[in-house]
Amino acid sequence: MTRPLLMAFIRREPGGETVLTALTDGMRPCLVGVAQLVEVEGKLVSDGSFTPDQVRARLHQLGQLLDVQSLQSGAQAASAFYYARRKPYDLSLGDALCLGLAEALGADVLTAERGWATIPDLPFSVTLIRT
């Protein structure tokens, strides 16, 4: 799960309902990197749209639907690979961390980042929440 995806859910933006459906229809919790949670809270608080408590309360609504993952060694190596090749796809460090985590865990990605769908030869699928 990516930062824009969580932000779409928290801000109740277009695609946010797709996030909730994906989370509630799944058989297991959605994996999300701790880096993405840091980015979400930091961005929403820094732009003044939410207080830290409001962000945490909204994330708390997802409860057991999220499985927060730390950066593991396999994910670190994969993330570095994506970050080193970030330019053509406009990847941030957080993007590279998410892609690396997905690769290391063998998980598919649900995102609002259109550019990710153009990255060739990914070993996982990328599904966009907004068409």
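Tutor: Rings of Phe, Tyr and Trp (for Trp, its six-membered ring) are taken as a pair if their centres lie within 6.5 Å; planes under 30 degrees apart are called stacked, those over 60 edge-to-face, and the rest tilted. By this rule the count comes to 1 aromatic pair. Phe81 and Tyr82 form it, in an edge-to-face arrangement with 5.6 Å from centre to centre and 80 degrees between the planes. These two values are given because a pair of aromatic rings is described by the distance of the centres and the angle of the planes.

Before going further, please note that this is a predicted model, in which local features need pLDDT of at least 70 and side-chain atom pairs count only at pLDDT 80 or more, while totals for chains, interfaces and linings use all residues. Residues are numbered from 1 along each chain as its sequence is written, and side-chain values use heavy atoms, with hydrogens and water left out.

The partners of the pair may now be described by their accessibility. A residue is buried at under 20% relative accessible area, exposed at over 50%, and partly exposed in between (1.4 Å probe, protein chains only). Phe81 has a relative accessible area of 43% and is therefore partly exposed, whereas Tyr82, at 6%, counts as buried.

Contact here means heavy atoms within 4.5 Å. Leaving aside residues up to four places away in sequence, Phe124 touches Tyr82, Leu99, Ala102, Glu103, Ala107, Asp108 and Val109. Phe124 is buried, at 8% relative accessibility. To place it along the chain, one needs the elements: helices (H or I, at least four residues) and strands (E, at least two) are DSSP runs, numbered from the N terminus. Phe124 is found in the loop between strand 3 (109-111) and strand 4 (126-128). Glu103, one of its contacts, is 21 residues away along the chain, yet the C-alpha atoms of Phe124 and Glu103 are separated by 6.8 Å.

In contrast to the buried Phe124, Asp121 is exposed, at 77% relative accessibility. The phi of Asp121 is near 60 degrees, a positive value in a residue other than glycine. Most residues other than glycine have a negative phi, and most peptide bonds are trans. Arg12, in the loop between helix 1 and helix 2, likewise has a phi near 60 degrees.

A charge sits over a ring if NZ of Lys or CZ of Arg is within 6 Å of the ring centre and within 35 degrees of the ring normal. Arg86 lies over the face of Tyr83, at 4.1 Å from the ring centre. Arg58 lies over the face of Phe9, at 4.0 Å from the ring centre.

Let us turn to the nonpolar cores. A nonpolar core is a set of buried Ala, Val, Leu, Ile, Met, Phe, Trp, Tyr and Cys residues joined through side-chain atoms within 4.5 Å. The largest has 20 residues, and Ile10 and Leu59 have the most contacts inside it. At least two residues of this core come from each of helix 1 (3-11), helix 2, helix 3 (34-46) and helix 4 (52-60). Helix 1 supplies the largest share, 6 residues. Leu59 touches Leu6, Ile10, Leu37 and Leu66, again without residues up to four places away in sequence. A second, separate core of 12 residues includes Phe124, together with Ala78, Ile119 and Leu122.

Finally, the setting as a whole may be summarised. The chain has 6 helices and 4 strands, which run α-α-β-α-α-β-α-α-β-β from the N terminus on. Buried residues make up 40% of its 131 residues. Of the contacts in the chain with a separation of 6 or more, 61% join residues 24 or more positions apart.
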